[in-house]
There are 2 protein chains.
Amino acid sequence: MAWIDVTYRLRVPRDEVAAAAQALALEQSVEVPAEVVRDAFIADQIVGRVAETRERADGTHDVTIRLAPATTGYDVAQTVNMLFGNSSLHEHVELVDVAFPADFLARFHGPRHGVDGIRRALRAYDRPLTCAALKPQGLSAQRLAALCETFAANGIDIVKDDHGLADQAYAPFAERVVACQRAVERANAASGRHALYAPSLVGAPRALVTQARIARDAGVGMVLLAPALLGLPAFAEVVAEQLDVPVLAHPALGGATRIAAPLLLGKLFRWLGADAVIYPNVGGRFAYSADTCAAIATAARAPWSHLRAVLPVPAGGLSVERVPEVVRFYGNDVMLLVGGALLAAGDRLPARTREFVELVHRCAQRASEPA
Amino acid sequence: MAWIDVTYRLRVPRDEVAAAAQALALEQSVEVPAEVVRDAFIADQIVGRVAETRERADGTHDVTIRLAPATTGYDVAQTVNMLFGNSSLHEHVELVDVAFPADFLARFHGPRHGVDGIRRALRAYDRPLTCAALKPQGLSAQRLAALCETFAANGIDIVKDDHGLADQAYAPFAERVVACQRAVERANAASGRHALYAPSLVGAPRALVTQARIARDAGVGMVLLAPALLGLPAFAEVVAEQLDVPVLAHPALGGATRIAAPLLLGKLFRWLGADAVIYPNVGGRFAYSADTCAAIATAARAPWSHLRAVLPVPAGGLSVERVPEVVRFYGNDVMLLVGGALLAAGDRLPARTREFVELVHRCAQRASEPA
């Protein structure tokens, strides 16, 4: 039988690692003391087992536990439960990686579009992509739409709602989505480009179904969803059942998890169908390190069974000046999301947007250059 | 206008607190620098503001930020987004409390049964309640049902599925739920008592609807749900729309949040409709302190607008021997959940269950005693 290999980082003294690892294997499988398991099937096929323990330079230990795929029922919620249900309550435990066996992974579709699909939609193949955000919230639908048209008319590839835009009285979802989609269509008709507008869908499952329908009816080409906020199972379901267009994942509520960012934002969001993933870039107003950012991009883009590559979208206080550095760091398969730094230009917004877009295009790496 | 008062704990040097608090107020409202906000409505009605900063004995600071209720759209997902969407990505920020204004809270029903409703269902008014768990997973539906009957026949009030039981091949949901419900009904018919069986519902939103229907059709009197695992919005929706019976909330995935446990498990789960809430008790195999446990129980039971009181369910390695201490700590309005410690009795399970139940009944505090 192929098992699910789950890696946890333990912060316990060295002489407690073996016992903590064994306790973790029981907690994340049968959740009873070993002596309670008297059934041979359960002992052989269900109880988790410690496969490997590695001491790290900082004194923590990475422990790989094997969990039985049958315990997941091949359901997203139950899989997350098996990976980190009770152990999330243990402060000394961090979930850092998971390797699903091929026959488990084959049951999940993963991203429906991925990097290549997004590039095809934009007709942009040989350069990094650009993204801007509609904000602040409190603006009316019409003013958000005007902003959307400005961004698209000045060369932004994807204009997304701020993740704070929901179904608020000052810019109701249906009114905003239609107005912004029409705005991007006007800009495209004038420019001959193929910019996309990505509205933010947020709510309980039934609200998501309604919002997905409104977005579909309006003809939008992409959507923004926050998997950790919606719940990973609800996210996976709305992607699989309600959406045909690419999905841009937002990390809202996803930092507060004690799940390693490359695993959660890179791997798990990809498993569940995200086509692009936003995360706080190194050096911005959040604290992710260069190593963490590189690891997120690797988890998103590296070959992984049949799952399409996902587009990394570094954000979080990115300035126009940092474009060359960011493209050098990630290569071409990246989308740079600049939010507040563009809006701060005030009346110079159109010019500043063009500067950003042109800088990204100029920084594109040629095929002959090293990535 | 009444605002939502949100309290965050900041771990930054004292001379950075004011700037960090101001940044937090912007991040959790408009998500742009203050100078970008040129609109008077947004500046007056939408931008978050720092209301209070208090230094704590350990050198951290509690900062209260006022957020505008209109930004939530009165939606669960968007409210959680406003409370902790982006700031969850800031490692120096912990979400510790929230005070909703009355007109906001009035839009949410909260627990439909609460402590009193659960007591009425059990016909048990003047003593702490008892709970046991069906596990380990890997047992067949018939063997789980036999265990359920043993617990109920020997006086347990609520027999719940282990939260690891889902829709697995070795004990499919529909088969297990019907078998366990019939088992508890047989035990009740023989004993004249009113024990309840609480199956665990876990899955994506559509699966939850199906499972809720199966549970309803089988006549179950309570259900177990893990709000953090399902996603808070999905949890709230299935409670409000699919379930009539009391809801027992499980903390799975809820520890890994950097949201203070009394807020998440006590207050937010109550806001969203939990009637009882399981959490790791002090001194068990998880690390919650006595203060944290007392604060969870307070958040669950204290008067709070129109929201019914929620039953605290301490668990996590609770032993029979600790019953007197636990009842002294919490008083009568508590349900003691003993899991593995009962199952470890093996062939003595019926006798050990009776010892547990009788000890809880003996420890009940009389009305004349101090709580």
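**Figure 1. Polar contacts between chain A and chain B.** Across the interface of chain A and chain B, 20 residue pairs are in polar contact, both residues at pLDDT 80 or more. A polar contact is a pair of N or O atoms within 3.5 Å; within protein, one must be able to donate a hydrogen and the other to accept it, and residues adjacent in sequence count only if both atoms are side-chain atoms. The side of chain A that touches chain B draws at least two residues from each of α2 (40-45), α3 (76-84), α8 (205-218), α9 (227-230), α10 (232-242) and α14 (340-343) of chain A. Helices (H or I, at least four residues) and strands (E, at least two) are DSSP runs, numbered from the N terminus. With six residues, α3(A) gives the largest share of this side. This is a predicted model, in which local features need pLDDT of at least 70 and side-chain atom pairs count only at pLDDT 80 or more, while totals for chains, interfaces and linings use all residues. Residues are numbered from 1 along each chain as its sequence is written, chains are lettered from A in the order in which they are written, and side-chain values use heavy atoms, with hydrogens and water left out.

Figure 2. The rule (a side-chain nitrogen of Lys or Arg within 4 Å of a carboxyl oxygen of Asp or Glu) finds six salt bridges across the interface of chain A and chain B. One of them joins the side chains of K135(A) and E31(B), at 3.6 Å from N to O. K135(A) is also linked to P136(A) by a cis peptide bond, with omega about 5 degrees. P136(A) sits in the loop between β5 (129-134) and α6 (141-153) of chain A. In chain B, the bond from K135(B) to P136(B) is likewise cis, with omega near 0 degrees. Most peptide bonds are trans.

**Figure 3. The aromatic pair of Y74(A) and F104(A).** The ring centres of Y74(A) and F104(A) are 5.8 Å apart and the planes are at 40 degrees, so the pair is tilted. Rings of Phe, Tyr and Trp (its six-membered ring) pair if their centres lie within 6.5 Å; planes under 30 degrees apart count as stacked, over 60 as edge-to-face and the rest as tilted. Y74(A) lies in the loop between β3 (61-67) and α3 of chain A and F104(A) in helix α4 (residues 102-105), so the pair ties together parts 30 residues apart in sequence. Y74(A), which is not a glycine, has a positive phi of about 55 degrees.
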